[in-house]
Each structure stands twice: as C-alpha cells, then as structure tokens.
Amino acid sequence: RTLALGDAAVPALGMQAIPDQLAASLPEGTVQLATPVERIDGTTALAADGGAVRGRALVVATEGPAAARLAGTPDPGSKAASAIWFSAPEPPVRGRSIVLDGEGGRTGPVANLAVLSEVAPSYAPAGRSLVVAACPGDVGSSVAEAARSQLTRWFGPGVAAWEELRVDRILHGQPLAAPGFSPKRTGDLGDGRSVAGDHRA
C-alpha cells in the first residue's frame, strides 16, 4: 500500500550514503563497527568483547528476534527474503515502476522486480541496467535459476543475456505479519530505552 500510494526513491550514491551522511556529523570514534552487543543493562550496551557503551538513552534497532532477546520483549517473528541482482543489456521495463507477480507465486520465487537504474541512473554503467528481483521466503540455493526461468516467461528470451551479479539472502528480511499482527507496536520501553524497526511500526 505504501509503495502504491507514496513516493519511492533511492540515494544516487547507494543506500550506504544514508548511514555515511549520519555518521559524518558525529565526533570521531562515536560509531563502533563489528562490535556485537551481548546484552543491555538499563541504558548500557554490553558488548560480547567485554566492552560497554553507556548513554542517557538506548535504542535497540535490530531485526525482531535480536530485539526481543536484547530488550526482553515478545519475539515478533520474521520471514526470510532474497534479492537477486542482475546486470542487463537493456531494461525489461522503462520508467520508475515495480513489476508485480500476477500469477500468485505459482510459477517461480519472484514476487516483484524493479529496474533500479531507471530510478537512479548512477546505479549502472552506460549501456547496462541494474535489475533486482525480490523473492520472499526461504527459497534455497537454486533461487537464481528458478527466478531466471520465471523472468524468461515474463520478459522473453532476452533474459538469457542477463548477468547474475549476486544473491542477497536475508534471514530476517521482513517482520511476520500473520493474522492478529499490529503494525503499530509501541517502541518505548521506558527508563530511556526504546526499540525501533519495521517490526514495530
């Protein structure tokens, strides 16, 4: 619904540009990478290596199961997802659009497809198009082959010329939205602690 009714965009320099922009205004050494948090105590994050980061507030911004473990909240559940990236000699569709599977998932793993270089031309070199196919669920190691077969039915034999760049498998790609799911769960845990993520709102 949001994608249909709202505006969608991607940063010209890629999604990494968003955290880079946020981090650029912070003092040196503020951001700590590759530092898994083992547990939290009040507004202190205790790292697996024994270190601790204390603050006047603490935000747990992780996938749902990790947030539940750290914050002691109910596990909202999650679903796996995969994204298959292709370089194509020409876009299968023109313009800023999302192509939806109209066959109800009966013929392959792809639920939707977008040509990101039609949204942000900087995403592909001249004469090429960057195509991403989204595949919800735990689709296994043969997902790219099955997706290519499905996309050939959608777009014809030209799909054979698409170069597979990579497959991203995301274990907790989407929050579980089974019946009874509330899209507006509170993020405020009190005492300066909160939880953030698409599993909250």
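Is Glu103 buried, partly exposed or exposed? In this predicted model, Glu103 counts as partly exposed, because its relative accessibility is 26% and that class runs between the 20% and 50% cut-offs. You'll find Glu103 in the loop between β6 (98-100) and β7 (112-115). Its side chain also has a partner: a polar contact of 2.6 Å links it to the side chain of Thr107.

Now compare that with another loop residue. Met15 sits between α1 (2-5) and α2 (17-24). Met15 counts as exposed, since its relative accessible area is 54%. Together with Ile18 and Leu22, Met15 makes a nonpolar surface patch of about 320 Å².

| Residue | Relative accessible area | Class |
|---|---|---|
| Glu103 | 26% | partly exposed |
| Met15 | 54% | exposed |

Next, have a look at helix α5, which takes in residues 143-155. Which residues of α5 are buried? They are Val143, Ala144, Ala147, Gln150 and Leu151. These five cover an arc of only 125 degrees around the axis, so they lie on the same side of α5.

Finally, zoom out to the whole chain. Its secondary structure comes to 5 helices and 11 strands. Of the 201 residues in the chain, 29% are buried. Taken along the principal axes, the C-alpha atoms fill a box of roughly 60 × 40 × 35 Å.

Terms used. Residues numbered from 1 in each chain as written. Predicted model: local features only at pLDDT ≥ 70, side-chain atom pairs only at ≥ 80, totals over all residues. Heavy atoms only, no water. Patch = residues over 30% accessible without salt bridge, like charges linked within 9 Å, V, L, I, M, F, W, Y side chains within 5 Å. Areas by Shrake-Rupley, 256 points an atom, 1.4 Å probe, with all protein chains shown as cover. Salt bridge = Lys/Arg side-chain N within 4 Å of Asp/Glu carboxyl O. Helix = DSSP H or I, 4+ residues; strand = E, 2+ residues; numbered from the N terminus. Buried < 20%, exposed > 50% of the residue type's maximum accessible area, 1.4 Å probe, protein only. Polar contact = N/O pair within 3.5 Å; in protein donor to acceptor, adjacent residues only side chain to side chain. Expected span 1.5 Å × (residues − 1). Arc of directions from axis to C-beta.
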